[in-house]
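Please walk me through this structure. Start with the whole chain, then move to the pairing of the copies and some of the local detail.

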2 protein chains.
Amino acid sequence: MEKDIVVQKFGGSSVANPERMKVVADRVISYKNHRQDVVVVVSAMGDTTDELIELVGQITDDPPKREMDMLMSTGEQISIAVLAMAIRTQGHAAISLTGAQVGIRTDKAHTRARIQRIETRRIKKALAAGNIVIVAGFQGVTYDDEITTLGRGGSDLTAVALAKALGAKVCEIYTDVEGIYTTDPRIERSARKIKQITFDEMLEMAALGAQVMQPRSIEVARRYNIPLHVRSSFSKEEGTMIVKETEKMEEVVVRGVTCNKNEAKITICSVPDKPGVAAKIFTEISKSGVNVDTIVQNVSHTRQTDISFTVPRGMLNQAIKSTNAIAKKIGGGEVLHDKNIARISIVGAGMRSHHGIAAKMFQVLAENKVNIEMITTSEISVSCIINQSQADQAVKALHKKFALDKVA
Amino acid sequence: MEKDIVVQKFGGSSVANPERMKVVADRVISYKNHRQDVVVVVSAMGDTTDELIELVGQITDDPPKREMDMLMSTGEQISIAVLAMAIRTQGHAAISLTGAQVGIRTDKAHTRARIQRIETRRIKKALAAGNIVIVAGFQGVTYDDEITTLGRGGSDLTAVALAKALGAKVCEIYTDVEGIYTTDPRIERSARKIKQITFDEMLEMAALGAQVMQPRSIEVARRYNIPLHVRSSFSKEEGTMIVKETEKMEEVVVRGVTCNKNEAKITICSVPDKPGVAAKIFTEISKSGVNVDTIVQNVSHTRQTDISFTVPRGMLNQAIKSTNAIAKKIGGGEVLHDKNIARISIVGAGMRSHHGIAAKMFQVLAENKVNIEMITTSEISVSCIINQSQADQAVKALHKKFALDKVA
């Protein structure tokens, strides 16, 4: 009879040095001893990736992407070999496999490849022979045997895709935090670890500032309904389960409060209020490679209006430049910008069936004398752009008002 | 029409850091510009291999060989990617290929695999597209896609085997010395760089202490008659050509003097002089994993004899232990050892047709009051084991007597 398979992914900080490698080896073996088949996905050890990037910096400012993949994929290859050694030293059979050896087939988009197919023959054979199988995260191989990497959060993606391909019951994501929290514990000390959260909620929280997992792998897990267990590699505590639907009895409306301080706001004043103007503006800005997030245009009672939008802080200068150009072209007025903003959001699938949640949020902010500059909503979240100096205060007030400090 | 192909191998010290990588890139491009197709083989950058071995040391004393190959092969993979970047930054097309991507097929003997076949399709295609092709040295892949490494001197072997497979006119071995010298220039300052040397001579010199190349790759080059050009990566000077036969006009009898200070001598006194005893002794010692080199047993006029032999210095303790055991078993006497020895050798293919060379060597040593402890000869070399304190003096005297300081 086939055993249940569990896929466990350990990030770079979990395997940063030989000591931590040994801790991971212990943990993995303890799972294997519970009569489960274990497939482990690892990232590059600690600083390896940064060191390789620094090396490249001494050679060229514009490295060819194919060669970057050739180079960066060595980081995970080192990790899998070392972890296999650590496990075998403790007396358990283990075998490491590169992305190419597994047959993680991707498209040809170097440095941001997409997985197209995962072959399972070799992994299954190694599991059947009693091995713990250790797979290099983040990397794949094209049908022409070119080495590719999957881009940011690539190891999570490897783990989720393997869990799908192998029919694993769960995919565990080991990281340096205990799980997903109701809000950032560095801001609000009463933040609680969330026991269960839906894929949709997690996606919203990731998009709105929670940095535990990249949205891409959550999306894949949602698509194939692979439960994710986000937990700490430094403790045995259960972490957070990310699932399709949480248990009914919880009936939580707001699951968490997020805060994103990495955006900036741009406003074009006195834009002629006629059809097609917004399209022109945002087509132009998008062409310059800037990702625009929230856009707000007020109803105008004159023939002119103000248009505001947010961009990632790191793209602000680039965004101002192209906004100035387009403003001139369309006959708009002054272009203003503000780096001193924060996006505060509440997230909860329960909002679908509960009304008045947004109003309650606005009320809390008003009570705290927080001025709201922009508002956006999705089906399961409400976000307000506010002055950054009031961000922490707003998070604390919302966390309390929605009773997130209480065990659900 | 197909262009001539040259295979160039750069060792770890030649690519130790980004600056040197750029020098190598320049050099390789200059060859390519001379209308030759260039295939470059590189070793791991400088200290990479040592760093990886240190990492392993923190995990286990007994790393599984398969995982060592998985780990160590990353060193060359880093090198090829970085060199490809360095070349492309200077505006020339280049592509890096791992051993697996080339299709350097080996047997399954991890950490000391033997090349069984090299596929050339992918390299030829890349060359035809105008690329400088950069191949990871030292590594291969089994028919089951397991990563293997070729053992010491493995990158030289990769280069020679590629030269054979591609029908290259020459295989250039770039290193941190200018070529092969008539003797060690650190001992005798008048040592000259040898212009041409035969494979046989080079093999003798390597076996007797000259450390420029591993014998294994010279043997392969000899078997397939691939001329080797050993030269410096830091200068444009011609180095030493290793060829099947050197030009007749040279008519050199002694090509070089070598000196090996890394051996130790063991003597078993009073060994019963009867048939089968030597066989027993050396079978037993060989079983303990010690490589015995020179063996001397004098004609005995009594029923006892002394047997002396040399072993690598690093294996001395192990060798003494097993020698003591076997001495007791065969009823031999005391076991003596001496670390303070040196092997001085003269090498030259011309010895085949010239007589009296050994006698001349012994005479030179006698004139210098150097006592000879052991003697061995091959068809093209004579070696004497002497006291190490006289080694440098002996080298100088022999170098002068055989006129190696004079341009041939």
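Predicted model: local features only at pLDDT ≥ 70, side-chain atom pairs only at ≥ 80, totals over all residues.

Residues are numbered from 1 along each chain as its sequence is written, and chains are lettered from A and ligands numbered from 1 in the order in which they are written.

Chain A holds twelve helices and 20 strands. Helices (H or I, at least four residues) and strands (E, at least two) are DSSP runs, numbered from the N terminus. The C-alpha atoms of chain A fill a box of roughly 75 × 55 × 35 Å along the principal axes. Of its 408 residues, 49% count as buried. Buried means that 20 or more other C-beta atoms, placed from the backbone, lie within 10 Å of the residue's own. A contact needs C-beta atoms, placed from the backbone, within 7 Å.

Now the two copies. Chain A superposes on chain B by a rotation of 180° with 0.0 Å of shift along the axis, at an RMSD of 0.1 Å. That is the relation of a two-fold axis. In chain A, the residue closest to the rotation axis is A:Thr74, with its C-alpha at 2.6 Å.

Next, helix α8 of chain A, residues 215–224. Its buried residues are A:Arg216, A:Ser217, A:Ile218, A:Val220, A:Ala221 and A:Arg222. Their cover includes α6, β9, α7, β11 and β12 of chain A. After α8(A) comes A:Asn225, with a positive phi near 55°.

Last, a sheet in chain B. Four strands form an open sheet in the order β13-β18-β20-β19, with antiparallel pairing. Strands β13 and β19 of chain B are at the edges with a single partner strand each, so one side of each lacks a neighbour in the sheet. The twist averages 20° from one strand to the next. β13(B) and β18(B) pair over five bridges; pairing takes at least two DSSP bridges. B:Gly256 stands opposite B:Val347 in β18(B). Helix α11 of chain B packs on the sheet, touching β18, β19 and β20 of chain B. Helix α12 of chain B also packs on the sheet, touching β13, β18 and β20 of chain B.

Note on methods
Buried ≥ 20, exposed ≤ 12 C-beta atoms within 10 Å, placed from the backbone. Least-squares fit on C-alpha atoms with pLDDT ≥ 70 in both. Contact = placed C-beta atoms within 7 Å. Axes fitted to C-alpha atoms, helices over the stretch in contact; angles between N-to-C directions.
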